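Here is a short report on how this chain packs and where it leaves space. Start with the structure itself.

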Amino acid sequence: ELRKLVLLNKEILIALRTNFDKPDIMKELFKRLQNVDSVLQRMTIIGVILCFRELIQDALSTQLEERIPFLTSSIKDFHCHAGSPHESSLVAELACASGYSSKVDPALLATLRQTPGPKVETDEEYLTSCLLMVFTAVSIPKLARSESSTYQAQLEGHSNNIHCLAMAVNQLLGCLFSLGGHDDIEDRLKEFLALASSSLLRLGQE
């Protein structure tokens, strides 16, 4: 569904990506975006699921370290010193099953590979992933205008769960760029920060 929303706004998102340093143009282009709320809601829901999963993973790793420390120490050692990409992939799966996190979540990666759509990663699919990143980044200021985005100290979060959005950005976009085969996750996430920062600064000027 996110892919459909990105393709619906493809031309505008491409223009936003290339004009992130031009506030006036960004402002006009953002007004033309469709289904902004839907994208934010879907990304937040993904973030909530991933955060809940992380809590379960933490509990699992804690229990395993208490019960079988000799085995978990070996898994952590493999995880830190994996060699080839193939070995890294296998070790990441082992680590994930033991409750340890990886740069790219192998379980999420496997889920994305099974979703309907093109099975061969092309430049077009990679561009779609980049545009989803752009869509999310330029939409963040809209959350700042919502009263439910106020931080709740008693909850240690926000009532609309936007504190989970960072998890969705890091994990989902990281996996999508990994599937693209360009090995540029760090560069793309830096681009996300540049787009989000530009959009939030524009919010301050308004």
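Leu-16 touches Met-26, Leu-29, Phe-30, Leu-33, Val-134, Val-138 and Leu-195, leaving aside residues up to four places away in sequence. The model is a predicted one.

Leu-16 sits in helix α2, which spans residues 10-18. Along with Ile-12 and Leu-13, Leu-16 is buried there. Viewed down the axis of α2, the buried residues fall within an arc of 95°, so they line one face of the helix. Glu-11 and Thr-18 lie on the other side of α2 and are exposed.

Next comes the core. The largest nonpolar core holds 48 residues. Leu-13, Leu-16, Leu-33 and Met-43 touch the most other members. Helices that each supply at least two residues of this core include α1 (2-8), α2, α3 (23-31) and α4 (36-67). Also among them are α7, α8 (123-144), α9 (165-180) and α10 (185-205). The largest share, 11 residues, comes from α8.

Now the open space. Helices α6 (85-97) and α7 (106-114) each give at least two residues to the lining. The largest share of the lining, 6 residues, comes from α6. By residue class, the lining of the second largest pocket divides as follows.

| Class in the lining | Count |
|---|---|
| Nonpolar | 9 residues |
| Polar | 7 residues |

Definitions and conventions: Residues numbered from 1 in each chain as written. Predicted model: local features only at pLDDT ≥ 70, side-chain atom pairs only at ≥ 80, totals over all residues. Heavy atoms only, no water. Buried < 20%, exposed > 50% of the residue type's maximum accessible area, 1.4 Å probe, protein only. Helix = DSSP H or I, 4+ residues; strand = E, 2+ residues; numbered from the N terminus. Arc of directions from axis to C-beta. Nonpolar A, V, L, I, M, F, W, Y, C, P; charged D, E, K, R; others polar. Core = buried A, V, L, I, M, F, W, Y, C linked by side-chain atoms within 4.5 Å. Contact = heavy atoms within 4.5 Å.
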